Amino acid sequence: MKKHLIAAAAVLLATGMGLSTASAADKLKVGFIYLGPVGDLGWTYQHDLARQALAKEFGDAVETTFLENVPEGPDAERAIEQLVRAGNKLVFTTSFGYMDPTLKVAKKYPNVHFEHCSGYKRDKNMSTYSARWYQGRYIQGQIAAKMSKSGVLGYIGSFPIPEVVSGINATMLGAQSVNPNMKVKIIWVNSWFDPGKEADAAKALLDQGADVITQHTDSPAPMQIVSERGKFAFGQDSEMIKFGPKAQLTSILDTWAPYYIARVKAELAGTWKQEDTWGGLDTKMFEMAPYTNMPDDVKKMAEDTQAALASGKLQPFKCPVVGQDGKDVECKDGDHLADGQVLGMNFYVKGIDDSIPGK
Amino acid sequence: MALVEAIILSVLAASTPLLLAATGELVTERAGVLNLGVEGMMIVGAACGFGGAWLSGSIIIGALCGIVAGTLLSLIFAMMTLGLAVNQVATGLALTILGIGLSGLIGAGFVGERIAPAPHLHIPVLTDIPFVGRILFGEDGFVYLSLALVVAVWWFLYRTRAGLVLRACGDNHLSAHALGYPVLRIRMYAVMFGGACAGLAGAYLPLAYTPFFIPGMTAGRGWIALALTVFASWRPGWLVIGAYLFGAVTILQLHAQGWGIGIPSQFMSSLPYLATVIVLVLISRARTGGSTAPAALGTVFVPDR
């Protein structure tokens with residue numbers, strides 16, 4: 001029995017090594033770790049669209065693999081290592097919770113390059129990348145203020161973390177630039193994904209008088225409810241217009257393809273360097289879905305704002321940013337808040353009549 | 001008034017899947033079988049229910065697909081725990097994991113598709129009665145079906161001989177066996193009924209609640225249904241109260257946030273679970289005769305020959 005096992009192991013080892021040398025010679029292998037199933041919309045789907053874009057861009061020069069449904073936390077380490085052992089030389093780990101596992105594997109395999117989405121820990125062979133979605137939320141705030149009749153915006157939050165809080169602030173600063181009296185009602189569902197609860201939250205917000213709904217959760221359930229009730233909403237991550245053909249005003253689309261293509265190009269050319277990328281509209285790190293279901297003047301305003309944000313002429317967190325207490329927030333980067341202040345944002349701006357839960 | 005009506009309607013919709021799944025589990029547990037796979041049977045019911053409705057264009061066929069899927073999955077559980085006398089807790093947990101994986105596989109073809117949701121009843125005159133009409137006669141059929149099902153289960157358990165035998169199997173399978181009742185077969189029927197209800201509860205989500213399918217869309221409702229069964233101390237009447245209470249707490253905490261009531265949302269999200277614990281304590285303190293759980297719950301029965 002033991003002999004058989006050893007023989008089997010030897011065969012496995014030999015074939016495994018054979019595989020890795022054969023493929024390493026002719027094509028670059030790029031691996032991806034996904035949080036959810038690929039599906040048809042949402043966070044993971046957007047990452048997979050970018051992966052498919054790699055195949056189209058580089059053809060046979062690149063071979064991509066992905067592992068889906070990888071839970072965040074220590075378990076992810078095995079999945080990442082599995083990709084490395086299979087010969088992947090560039091590995092994208094596409095969720096915040098993969099940060100420490102990625103770092104651990106990166107230390108173990110200094111010759112493999114890692115790209116971690118939305119984290120803050122880096123190493124000489126581990127880059128990070130994320131997008132300035134708050135720019136898109138500023139545009140949405142302006143549109144909401146124009147489209148709302150009740151003057152109340154409904155906001156479905158996932159967890160009260162800085163990324164979501166800065167999104168709420170950016171939305172309200174945009175809204176206030178159009179209508180200084182705009183109000184917001186915020187409901188936290190304490191989940192990134194629970195279609196039923198997200199739908200209930202949307203119903204509650206509409207029942208309480210909000211007529212434009214924004215969500216920072218992943219399912220299209222709120223869009224569907226809003227559509228049934230004949231009101232307006234913004235999508236999230238993906239195009240959600242088929243769930244609300246008459247309801248979706250626009251949607252923040254995660255478009256990772258330009259970044260992924262650039263990084264693979266660098267890898268192929270041997271010029272890959274560790275970087276910290278936080279791109280916005282200027283570098284197409286994300287895009288806005290077509291502006292729909294709104295009058296031409298609102299659409300024009302949205303497009304102008306988008307252009308101004310992309311050129312850097314307009315900063316959502318332009319100083320003075322006034323906190324809820326009526327005092328100006330310290331301005332650490334010239335005429336607007338520093339990146340660090342946005343990344344760690346844990347206060348609401350003036351005009352939000354609510355408090356951050358647990359604070 | 002309009003807001004109160006809107007809140008009640010949301011509560012009805014949110015409670016229905018809990019009530020359906022918990023009703024099935026109540027019957028299963030009354031027969032002495034603990035099936036922790038409710039979440040797994042629900043999610044497969046959701047995938048098959050949506051698939052059936054999407055392919056056929058009929059909500060009823062969708063619901064039937066959900067029921068059949070839940071029943072088939074529960075048969076795997078029955079085969080393991082009744083036929084092979086495997087540990088029920090472990091098998092139930094495995095069933096949930098299997099169900100979640102299976103639903104992703106089944107649902108892969110129609111993620112992102114949409115269907116028209118189950119129509120709401122409209123009975124002329126009755127539905128038009130202000131306030132109560134919309135609540136009592138204007139929701140989708142599942143809402144009223146779930147209530148009818150609880151009444152039927154109550155009648156079966158307490159007013160029929162078959163119900164008495166089923167409870168006997170759950171309280172003392174050795175005595176039931178000695179009296180000549182086919183304990184394993186009765187338990188299998190109970191498990192199948194539980195599976196059918198869980199499948200229907202799962203199908204309710206994509207057919208009426210949020211009319212699309214996404215993997216993982218049950219989001220833990222199967223576990224709440226399990227807690228509900230305990231909360232109701234295995235009594236159908238309490239099950240209704242518990243299901244609507246759970247639904248009400250969920251919906252009201254969302255509204256409370258909108259009103260800006262300064263209680264942290266994390267605390268309010270945990271309220272249904274806290275309520276379960278508190279009621280459990282109250283129930284066990286109020287009763288002098290010990291637990292109301294079926295005495296043979298979760299124990300394996302191997303008939304001697």
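Reply: The model is predicted. The helix for the length check is H11 of chain B, residues 236–258: at 1.5 Å a residue, its 23 residues should span 33 Å, and the C-alpha atoms at its ends lie 34 Å apart, so the two values agree. Just after H11(B), B:Gly260 has a positive phi of about 75°.

Now the sheet in chain A. It is open and has six strands in the order S2-S1-S3-S4-S5-S11, paired in parallel. S2 and S11 (276–279) of chain A are the edge strands, each pairing on one side only. On average, neighbouring strands of this sheet are turned by 15° against each other, direction ignored. Helix H4 of chain A (residues 99–108) packs on the sheet, where it touches S3 (90–93), S4 (113–117) and S5 (126–131) of chain A. The direction of H4(A) makes about 170° with that of S4(A).

One of the bridge partners in S2(A) is A:Phe66, which faces A:Phe32. Together with helix H2 of chain A (residues 43–58), S1(A) and S2(A) form a right-handed β-α-β unit.

Last, the contact with the other chain: 33 residues of chain A are in contact with 31 residues of chain B. On the chain A side, strand S7 (183–188), helix H7 (195–207) and helix H8 (221–228) each supply at least two residues. H7(A) gives the most, with nine residues. By type, the chain A side divides into 15 nonpolar, nine polar and nine charged residues.

Methods. Residues numbered from 1 in each chain as written. Chains lettered and ligands numbered in written order. Predicted model: local features only at pLDDT ≥ 70, side-chain atom pairs only at ≥ 80, totals over all residues. Pairing = 2+ DSSP bridges. Helix = DSSP H or I, 4+ residues; strand = E, 2+ residues; numbered from the N terminus. Right-handed = clockwise from strand over helix to strand, strands pointing away. Contact = placed C-beta atoms within 7 Å. Nonpolar A, V, L, I, M, F, W, Y, C, P; charged D, E, K, R; others polar. Expected span 1.5 Å × (residues − 1). Axes fitted to C-alpha atoms, helices over the stretch in contact; angles between N-to-C directions.
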